[in-house]
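Here is a short briefing on one protein model. Keep the sequence and the structure in view while reading.

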Amino acid sequence: MTHVPIPPAGHGPVSRELIAAAERYTAPSYHPLDVVVASARGSTVTDVEGRDYLDFLAGYSALNFGHGHPVILDAARSQLERVTLTSRAVHNEQLSFFARELCALVGQDMMLPMNTGAEAVESAIKVARKWGYERKGVAAGRARIVVAEGNFHGRTTTIVSFSGDDDAHRNYGPYTPGFVSVPYGDLEALERAVTPDTVAVLLEPVQGEAGVIVPPPGYLPGVRRLTAERDVLFVADEIQSGLGRTGATLACEHEGVEADLYLLGKALGGGVLPVSAVVGDAAVLSVLRPGQHGSTFGGNPLAAAVGRAVVALLATGEPQERARTLGDRLHARLAELTPLGITGLRGRGLWAGIDIDPRLGTGRECCERLLTRGVIAKDTHGSTLRLSPPLVVTDDELERGLDALAATLREMGRR
Ligand SMILES: *Cc1c(COP(=O)(O)O)cnc(C)c1O
């Protein structure tokens, strides 16, 4: 048999044709790395030319259980053959089970099923405003929600209204009013921003897109104390931080804090389809009466069956345990790599934000070089690299990925 060498990432003839087609036919709202994925299992994706890569992005935590997890695929397959969509005009057996099991997992009363993360955020904004008018007694039209600078909560017109990211925000106005932004991690600023019209504080317990920013110890408990004192809802956006990533089911647990509403998404869909939810206090979620909010696809039987498989995996505690053990390993090894040009290192569990000395090059350049060494990762804000391998990554895969990062940093430092 003649050995045909596999071309480098993005340079095979099929890759080149498909990248050209994507550039020609998809709106240019993304700048993908030069790799065309054809299949994937576990932590490994394979491109159209047969080259393997370690997926250290894992769909921004949408793939916490890796690609094609057998338990999740089995649940999806068997549900595909039974019933996939009913609408909420009728009950469906999977949603009833899913709701009960998800509430048990996170120790909450009630859930509202949606699809994408942004829809969960929008739902919580609506619920918080309605709660403010109907329960807290805020005067009509005056409800305010306090958010944090550097936030990422999604891409809808309302959500980008309070995004500080210029690309996400600019030229999408007129913007939705009613939001006040304060520096993340600054309790005093938060305290000054809360008024009698404030209905909610909406925060990520760890800011993902901002570069895996972990707030100072005591911040989340302080937010909880302040919101409780002022009769304000604490809404924790755990769409990226939740469901095992940080070594706990919810990142808020690390600080012993319980929010009024949790937003879940990404990994809740098991890497199969979009599944999101608002989970929390019945006294809050029950402000929604029939007809006042909804979604055609939210809580559909296929999504619910997949969500149940995800909940079952997390109920064992194993993914969280793995995120803790491997996370310790990840952060220890990254600390060793610091002399190679790392100027900042943050994270929790199997999740890291790595600031690279800008003299070495951009985060994007680092990702492109990592790709040639068979690792997929994502940059953010110029010179920050984000690592979020699937929680099913093996010890050996984690070491190989970090070896590739070390080699990449050395190579960039030599120029
Ligand atoms: C990804 C993300 C969202 C938005 O989720 P989509 O499914 O892309 O709409 C919201 N909040 C946080 C913290 C996220 O990471």
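Helices are DSSP runs of H or I with at least four residues, and they are numbered from the N terminus. By that count, Asp74 and Arg77 both sit in helix 3 (residues 70–80). They are three residues apart, about one turn of the helix. The model is a predicted one. The protein is divided into domain 1 (13–29 + 43–68 + 318–413) and domain 2 (70–315).

**Domain interface**

- The contact draws 29 residues from domain 1 and 31 residues from domain 2.
- Between the C-alpha centres of domain 1 and domain 2 the distance is 26 Å.
- An interface is often sized by the accessible area lost when its parts come together.
- For domain 1 and domain 2, the buried area is about 2,400 Å². Carbon and sulfur atoms give 58% of that area.
- Which three residues supply more than any other three of the area that domain 1 buries against domain 2? They are Phe65, Arg348 and Trp351, with 33%.

**Polar and charged links across the interface**

- One salt bridge is found across the interface of domain 1 and domain 2.
- There are also 16 residue pairs in polar contact across this interface, with both residues at pLDDT 80 or more.
- Five elements each supply at least two residues of the side of domain 1 that touches domain 2: helix 2 (58–61), helix 12 (318–337), strand 11 (342–347), strand 12 (352–356) and strand 15 (384–387).
- By class, that side of domain 1 holds 13 nonpolar, twelve polar and four charged residues.

**Salt bridges**

- How many salt bridges does the structure hold? The total is 24.
- Glu209 and Arg386 join through their side chains in a salt bridge, at 2.8 Å from N to O.
- Within helix 3, Asp74 pairs with Arg77 in a salt bridge. Their closest N and O atoms are 3.1 Å apart.

**Ligand surroundings**

- Which residues are around the ligand? They are Thr116, Gly117, Ala118, Phe152, His153, Gly154, Glu204, Asp237, Ile239, Gln240 and Lys266.
- Gly117 places a backbone N or O atom 2.8 Å from an oxygen atom of the ligand.
- For Ala118, a backbone N or O atom also lies 2.8 Å from an oxygen atom of the ligand.
- Phe152 has a backbone N or O atom 3.4 Å from a nitrogen atom of the ligand.

**Lys136 and its contacts**

- Lys136 belongs to helix 5 (residues 117–136).
- Leaving out residues up to four places away in sequence, Lys136 touches residues including Thr195, Pro196, Thr198, Arg230, Asp231 and Val232.
- Val232 is 96 residues from Lys136 along the chain, yet their C-alpha atoms are separated by 8.5 Å.
- A polar atom of the Lys136 side chain lies 2.7 Å from the backbone oxygen of Thr198.

**Backbone exceptions**

- Most peptide bonds are trans, and most residues other than glycine have a negative phi.
- Is the peptide bond from Gly173 to Pro174 cis or trans? This bond is cis, with omega near 0 degrees.
- Pro174 lies in the loop between helix 7 (166–169) and strand 6 (179–182).
- Ala58 has a positive phi, near 50 degrees, and is a residue other than glycine.
- Ala58 lies in helix 2. Helix 2 is also one of the elements that supply at least two residues of the side of domain 1 touching domain 2.

How values were computed:
Residues are numbered from 1 along each chain as its sequence is written. This is a predicted model: local features need pLDDT of at least 70, side-chain atom pairs count only at pLDDT 80 or more; totals for chains, interfaces and linings use all residues. Side-chain values use heavy atoms; hydrogens and water are left out. Domain bounds come from an automatic or database domain assignment. Contact means heavy atoms within 4.5 Å. Buried area is the accessible area (1.4 Å probe) that two parts lose on being put together, summed over both. A salt bridge is a side-chain nitrogen of Lys or Arg within 4 Å of a carboxyl oxygen of Asp or Glu. A polar contact is a pair of N or O atoms within 3.5 Å; within protein, one must be able to donate a hydrogen and the other to accept it, and residues adjacent in sequence count only if both atoms are side-chain atoms. Ala, Val, Leu, Ile, Met, Phe, Trp, Tyr, Cys and Pro count as nonpolar, Asp, Glu, Lys and Arg as charged, and the others, Gly among them, as polar. A residue is near a molecule or strand if one of its heavy atoms lies within 4 Å of it.
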